Amino acid sequence: MKNAVVKFRSDNKMAEKSFSSRSSFRSIISMLLAFLAIPFPVLAQNNEITLSLGGIPSQSRSFQNPALGSTQISSDVSLGANYGHRLLNARVAALYGEIEFVALPNRSLAATTATVPQNYASLYVTPGVRLKLLPGARLSPWVAVGGGYALYEQSAKLSNGQNTTNKFLNRGVFDFGGGLDYRLLRFLGLRAEVRDFLSGNPNLNVALSSSTQHNVVASGGVSVRF
């Protein structure tokens with residue numbers, strides 16, 4: 001009888017411990033659910049990085065001396081990167097500060113009478129601002145403007161086979177354009193854009209009729225927001 005009483009008390013204690021453990025577990029789950037139910041504010045996505053691929057069409061440049069005619073500059077592939085930081089945000093528009101990088105690795109030259117470089121490469125780095133309309137919508141148009149630095153590197157040889165002496169040329173550049181952002185996911189989107197990099201002339205070994213050159217680049221890319 002005594003053993004039966006001891007066994008009953010032991011079983012009773014085990015049942016109490018089991019019930020106590022289940023109660024503690026339920027309490028922890030309840031606290032976790034209550035914690036997850038708290039409406040925490042969503043972290044603002046104030047930064048974005050865009051990598052793009054595009055191109056620039058061919059163009060013709062006239063020489064200062066009409067007797068020399070003109071030179072044809074070929075089309076080229078463009079490689080771009082953009083960093084943007086949101087400065088101001090509203091429902092109808094958002095203002096970003098940005099830095100735009102665009103490289104054109106190889107634009108060949110052809111001229112009938114003048115001696116020009118065989119090709120040249122370009123690099124544009126332009127800090128600026130971008131105004132995006134309807135930033136919370138899936139499709140958001142924007143315009144951008146900026147200015148900065150242009151680097152031109154001409155080929156080592158001219159079209160007549162002679163070596164060049166000054167391969168690099170630094171210029172100022174003015175950048176303006178627009179595009180569309182399409183939101184795929186919260187942190188991921190697509191971008192299509194057209195920008196004009198208006199700069200001083202590259203070194204073509206012959207004086208040109210105009211002191212500036214338009215470099216219109218169209219591209220598409222992928223944006224990551226964080």
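Guide: Of the 226 residues in the protein chain, 32% count as buried, where buried means under 20% relative accessible area, exposed over 50%, and partly exposed in between (1.4 Å probe, protein chains only). This is a predicted model, in which local features need pLDDT of at least 70 and side-chain atom pairs count only at pLDDT 80 or more, while totals for chains, interfaces and linings use all residues. Residues are numbered from 1 along each chain as its sequence is written, and side-chain values use heavy atoms, with hydrogens and water left out.

Visitor: Which residues touch the most other members of the largest nonpolar core?

Guide: They are Leu 109, Tyr 120, Tyr 124, Phe 197 and Val 217, in a core of 17 residues. Strands E5 (93-111), E6 (119-133) and E7 (139-154) each supply at least two residues of this core, and E5 gives the most, with three residues. A nonpolar core is a set of buried Ala, Val, Leu, Ile, Met, Phe, Trp, Tyr and Cys residues joined through side-chain atoms within 4.5 Å. In soluble globular proteins, nonpolar side chains tend to be buried together.

Visitor: What does Leu 109 touch?

Guide: Not counting residues up to four places away in sequence, Leu 109 touches Thr 71, Gln 72, Ile 73, Val 116, Pro 117, Gln 118, Asn 119, Tyr 120 and Leu 204.

Visitor: Changing topic, is Asn 215 buried or exposed?

Guide: Asn 215 counts as buried because its relative accessibility is 0%. It lies in strand E10 (residues 212-225).

Visitor: Which side chain does Asn 215 join by a polar contact?

Guide: The partner is the side chain of Tyr 152, at 3.5 Å. A polar contact is a pair of N or O atoms within 3.5 Å; within protein, one must be able to donate a hydrogen and the other to accept it, and residues adjacent in sequence count only if both atoms are side-chain atoms. Beyond four places in sequence, Asn 215 is also in contact with other residues, including Ile 56, Gln 59, Arg 107 and Tyr 124.

Visitor: Where is Leu 190?

Guide: Leu 190 lies in strand E9 (residues 188-200) and counts as partly exposed because its relative accessibility is 37%. Leu 180 is 10 residues from Leu 190 in sequence and 8.3 Å away in space, C-alpha to C-alpha. Among the contacts of Leu 190 outside four places in sequence are Leu 180, Gly 221 and Val 222.

Visitor: Which residues other than glycine have a positive phi?

Guide: Among them is Leu 134, with phi near 50°, in the loop between E6 and E7. Another is Asn 205, with phi of about 75°, in the loop between E9 and E10.

Visitor: Is Asn 205 buried or partly exposed?

Guide: Asn 205 counts as partly exposed because its relative accessibility is 44%. Leu 134 is also partly exposed, with a relative accessible area of 45%.

Definitions and conventions:
Helices (H or I, at least four residues) and strands (E, at least two) are DSSP runs, numbered from the N terminus. Contact means heavy atoms within 4.5 Å.
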